[in-house]
Amino acid sequence: MKILVTGGAGFIGSTYVHQVLDQHADDAIVTLDALTYAGNPANLLDLSDHPRHTFVRGDISDASLIDDLVRECDAIVNFAAETHVDRSLLEPEAFLRTNVHGVYVLLDAARRYGRRIVQVSTDEVYGDVPAGIFSTEEDQLAPRSPYAAAKAGGELFCHSFFVSYGVDVVVTRGANTIGPRQYPEKIVPLFVTNALQGLPLPVYGDGLQVRDWLYAGDHAAAIDLVLRHGKPGEAYNIGADNERPNIELVRALLAHLGKPESLITHVPDRPGHDRRYALNWTKIRTELGWEPARTFAQTLNETIDWYMSHPEWWQAIRQPDSEFETYYQRQYAWRLASATDENGAVATK
Ligand code: DAU
């Protein structure tokens, strides 16, 4: 099978590309990536001479390019997206463009050529989930951030193309994912690389928000099973049963790094911050036989160890005057200036 992997130079996308090339000797991959700030050629550097891999730079909203690529491939797996909630609060329009219109362009080509398309979505489409509840695939979508709304919009287009035109579309809804090569705007790579530099770790609000933590390699394996065996028109939750309040995750991270908890700095909260996401992922376990291969400790520690052993990867991103630095200042400078310590006292960092 020849698979078009869109967004394949990003974090989960590049994990997926490597995994498929390693595990499916008969498959070839065409990676399409616009190489905006989080798509990183370094993530695919080792594949530059791979006989079954081709890289194309471009945008999923470019209908003529997508037409050419979809025509020559057997299936599409769409990782291309704007993914960071905080950025969606600063500049929502890019999210609408890529996560809704871009998905539409892919669907339209999939329809023309009769291709299967896997849309990689998120548990955030369910919105804030009360303690004790686990979202199932039948639950109503109730997104609350511009990011989650755009992902839900993309999903609704997928569903409409399945119902209206019979396009063979399958959706995955994954939990919080960590692992190698994640752009250091997300909590784990940001906090690991901050801690390694002795910088404060900006915990939003009380830090009692709960997320479920999934390893990128496990997430990629689930997406691949859905591509090969998922039922047309269905959605599949991908969770790990690794629910942790953020503050507990951060303490575990510092303990593994051997860094002091005094780096923890409580800063003003993310507006509209969802308190909890939690998935019921019985469907993918029972129907497709998937389970994550790692415990919470393995998921977190393998991730941390990768950043520790690949300083050149993240230091290239975290340069003075870089895109990252501009974003970091915009997002955190004022927050850190009004930070408090664990006891609510005004911090002096
Ligand atoms: O749940 C799946 C989603 O997980 C994906 O769809 C998103 O693309 C991905 O970004 C992630 O969303 P989150 O908003 O949960 O991830 P993030 O790493 O930004 O934040 C995780 C938690 O940590 C969240 O409760 C906010 C908190 N946080 C995050 C940052 C960046 C902090 O307390 N401080 C921070 O500086």
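Predicted model: local features only at pLDDT ≥ 70, side-chain atom pairs only at ≥ 80, totals over all residues.

Reply: Happy to. Residues are numbered from 1 along each chain as its sequence is written, and side-chain values use heavy atoms, with hydrogens and water left out.

Me: Great. At what angle do H1 and H7 cross?

Reply: Their axes cross at roughly 65 degrees and come within 9 Å. Axes here are lines fitted to C-alpha atoms, for helices over the stretch in contact, with angles running from 0 to 180 degrees between N-to-C directions. H1 and H7 are therefore roughly perpendicular to each other. Helices (H or I, at least four residues) and strands (E, at least two) are DSSP runs, numbered from the N terminus.

Me: Is H1's crossing of H7 left-handed or right-handed?

Reply: H1 passes H7 in a right-handed crossing. The rule is that a crossing is right-handed if the near helix is turned clockwise from the far one by less than a right angle, and left-handed if anticlockwise.

Me: And which residues in H1 and H7 meet?

Reply: From H1 there are Phe 11, Ile 12, Thr 15, Tyr 16, Gln 19 and Val 20. On the H7 side, the residues include Ala 216, Ala 220, Ile 223, Asp 224 and Leu 227. By class, this contact of H1 with H7 has 9 nonpolar, 4 polar and 2 charged residues. For those classes, Ala, Val, Leu, Ile, Met, Phe, Trp, Tyr, Cys and Pro count as nonpolar, Asp, Glu, Lys and Arg as charged, and the others, Gly among them, as polar.

Me: How about H2 and H4, what's their crossing angle?

Reply: The axes of H2 (residues 63–72) and H4 (residues 93–113) cross at roughly 40 degrees and come within 9 Å. That makes H2 oblique to H4. Their crossing is right-handed. Ala 63, Ile 66, Asp 67, Val 70 and Arg 71 in H2 meet residues of H4 including Val 105, Leu 106 and Ala 109. The contact of H2 with H4 has 8 nonpolar, no polar and 3 charged residues.

Me: Switching to the core. How many residues does the largest nonpolar core have?

Reply: It has 33 residues, and those with the most contacts inside it are Ile 3, Tyr 16, Val 77, Phe 79, Ile 223 and Ile 284. Among the elements that each supply at least two residues of this core are H1 (11–23), H7 (216–229), strand S1 (2–6) and strand S5 (116–122). A nonpolar core is a set of buried Ala, Val, Leu, Ile, Met, Phe, Trp, Tyr and Cys residues joined through side-chain atoms within 4.5 Å. Buried means under 20% relative accessible area, exposed over 50%, partly exposed in between (1.4 Å probe, protein chains only).

Me: What is Phe 79 in contact with?

Reply: Leaving aside neighbours within four places in sequence, Phe 79 is in contact with Val 5, Thr 6, Gly 7, Ile 12, Gly 13, Tyr 16, Val 120 and Ile 223. Contact means heavy atoms within 4.5 Å. A second, separate core of 32 residues includes Val 192, Ile 247, Val 267 and Trp 313.

Me: Where does Val 192 sit, and how many residues of H6 are buried?

Reply: Val 192 is one of the buried residues in H6. That helix (residues 187–196) is mostly covered, with 8 of its 10 residues buried. Gly 198, whose phi is positive, near 70 degrees, follows H6.

Me: Which residues other than glycine have a positive phi?

Reply: Leu 35 is one of them, with phi near 50 degrees, and Arg 181 is another, near 70 degrees. Leu 35 lies in the loop between S2 (28–33) and S3 (53–57), while Arg 181 lies in the loop between S7 (176–178) and H6. Leu 35 is buried, with a relative accessible area of 18%, and Arg 181 is buried with a relative accessible area of 18%.

Technical notes
Parallel < 35°, antiparallel > 145°, perpendicular 65-115°, else oblique.
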